[in-house]
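Welcome, and please open your viewer.

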Amino acid sequence: MSRAAQAVRRALVAPIRWYQRFVSPMRPATCKYYPSCSSYAVTAVERHGILKGLVLAAWRLLRCNPWSKGGVDDVPPLGEWRSPTLHEGQHTDHHRLSGTAV
Amino acid sequence: MFDTILGPIEWAVAWIMYACHWVLTHVGFSEGPSFAWVLSIVGLVIVIRIILIPLFFRQIRASRGMQMMQPELQAIQKKYKGKSDPASREALSRETMALYRKHGTNPFASCLPILLQSPIFFALFRVLNHLPDIADGKRGAIGPINASVAHDIETSQIFGAQLSDVFKSAEGTNAKVAAAILIVAMCATTFFTQRQLTMKNMPKAALQGPMAQTQKLMLWGYPVVFAISGINFPIGVLVYWTTTNLWSMGQQFYTIKRMPAPGSEAERIYKEKKAARDRAKGIIPEEPLIIEAPAASVSSPSARTGTRVR
């Protein structure tokens, strides 16, 4: 990873860390997911880089809306877009057969 | 870039304020610069928060659905009781979230609406900040707010201060005193809302460890930060902020009473009251029975009748 890319990553992660440290503790628990949107964003950027990380984080924020069900939604492993855990515990045969439920 | 994103919101903010003012002048407030413009800012807060009320009640309904899964929830809490290491705490949150998902209900508000609200504040801040420029013709109109309307708004007064006055640069004692009163009101409402939340509606686990230190620090830190930045805010922004805080306080008060956070002091009080009510009605509390029920047998008929008792 180039130095510039590393600097951009840090610049993206720093405000989220600041939010987690100083803003989040003063607000009621809000996020419908585990891990929370903020920690998801940090992991996503650190694991997948700036572009894909940001897309994943933005998509997660859009999904964290009043109509979503929430749940456990881990950052996908490298090279993948789908969360390994999101459909866990839903017990639909479809997901079991397609192997997305671990 | 700011203008492209905030432009449409500024336009909407301007129209809502203008509409509120129109209504107020039709119920007896005078045209031109008057207290009606101050109330229009209050009206803006009320309109925005009323639009958001369906989301709030959605959340309340979702947390009612939680009663169904109390036994399973308690089983998870029991499993991690007294374990405060990060791994156990993480596993607790993870399993709790998975449980919510399984039951298709989730008591949390979700992140997006909160994120979407902040541009409204920035838009209002910019509208109020631009009033002098719009009045002087240095800037174009925002929606219905043209030069003459902008002049009316910025010269409208509260406690003898103009809506566009800023504590730091205000001339005259009246404006300074009014700005100071509003800054104190803004800080005080922030402080009490935060204190109510952290003292009453956070689970004990959240009140221990490194987070608690931050909370204690920020409980005092935020009002100080607001006081320092407040001296640069126009009176109009202070009015908006204080009104928002008051609304949040009321809503939070209601939330804490009706749907306290699991494991919080507020929940303990809520349960005590509910038990007292049930006793008065002659309902035998079945809760101990449910706690002992193993998680696997939740779907058994006896457990289900147990949860149906309110």
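Start by selecting B:Glu95 and B:Lys79, and show their side chains: they meet in a salt bridge, 2.9 Å from N to O. Keep in mind that this is a predicted model.

Next, select helix H10 (residues 265-281) of chain B, and in it B:Glu265 and B:Arg268, which lie three residues apart and so are separated by about one helical turn. Their side chains form a salt bridge whose closest N and O atoms are 2.9 Å apart. Both partners are partly exposed: B:Glu265 has a relative accessibility of 31%, and B:Arg268 has 41%.

Stay in H10 of chain B and pick B:Glu267 and B:Lys271, four residues apart and again separated by about one helical turn. Here the salt bridge has its closest N and O atoms 3.7 Å apart. Are the two partners buried or exposed? B:Glu267 counts as buried because its relative accessibility is 17%, under the 20% limit, whereas B:Lys271 is partly exposed at 34%.

Now switch to chain A and select A:Arg60, A:Arg63 and A:Asp73, which are linked in a network of salt bridges. Over all chains, the count of salt bridges comes to nine.

For the last stop, return to chain B and display helix H2 (residues 35-64) together with helix H5 (residues 112-135). Their axes come within 13 Å and cross at roughly 170°. Angles over 145 degrees count as roughly antiparallel, so H2(B) and H5(B) are roughly antiparallel to each other. Look along the pair and you can follow H2(B) as it passes H5(B) in a right-handed crossing.

Which residues meet where H2(B) and H5(B) are in contact? On the H2(B) side, show B:Ile41, B:Leu44, B:Ile48, B:Leu52 and B:Leu55. Facing them from H5(B) are B:Pro113, B:Gln117, B:Ile120, B:Leu124 and B:Leu128. Colour this contact by residue class and you will find nine nonpolar residues, one polar residue and no charged ones.

Methods
Residues are numbered from 1 along each chain as its sequence is written. Chains are lettered from A and ligands numbered from 1 in the order in which they are written. This is a predicted model: local features need pLDDT of at least 70, side-chain atom pairs count only at pLDDT 80 or more; totals for chains, interfaces and linings use all residues. Side-chain values use heavy atoms; hydrogens and water are left out. Axes are lines fitted to C-alpha atoms, for helices over the stretch in contact, and angles run from 0 to 180 degrees between N-to-C directions. Helices (H or I, at least four residues) and strands (E, at least two) are DSSP runs, numbered from the N terminus. Angles under 35 degrees count as roughly parallel, over 145 as roughly antiparallel, 65 to 115 as roughly perpendicular and the rest as oblique. A crossing is left-handed if the near helix is turned anticlockwise from the far one by less than a right angle, and right-handed if clockwise. Contact means heavy atoms within 4.5 Å. Ala, Val, Leu, Ile, Met, Phe, Trp, Tyr, Cys and Pro count as nonpolar, Asp, Glu, Lys and Arg as charged, and the others, Gly among them, as polar. A salt bridge is a side-chain nitrogen of Lys or Arg within 4 Å of a carboxyl oxygen of Asp or Glu. Buried means under 20% relative accessible area, exposed over 50%, partly exposed in between (1.4 Å probe, protein chains only).
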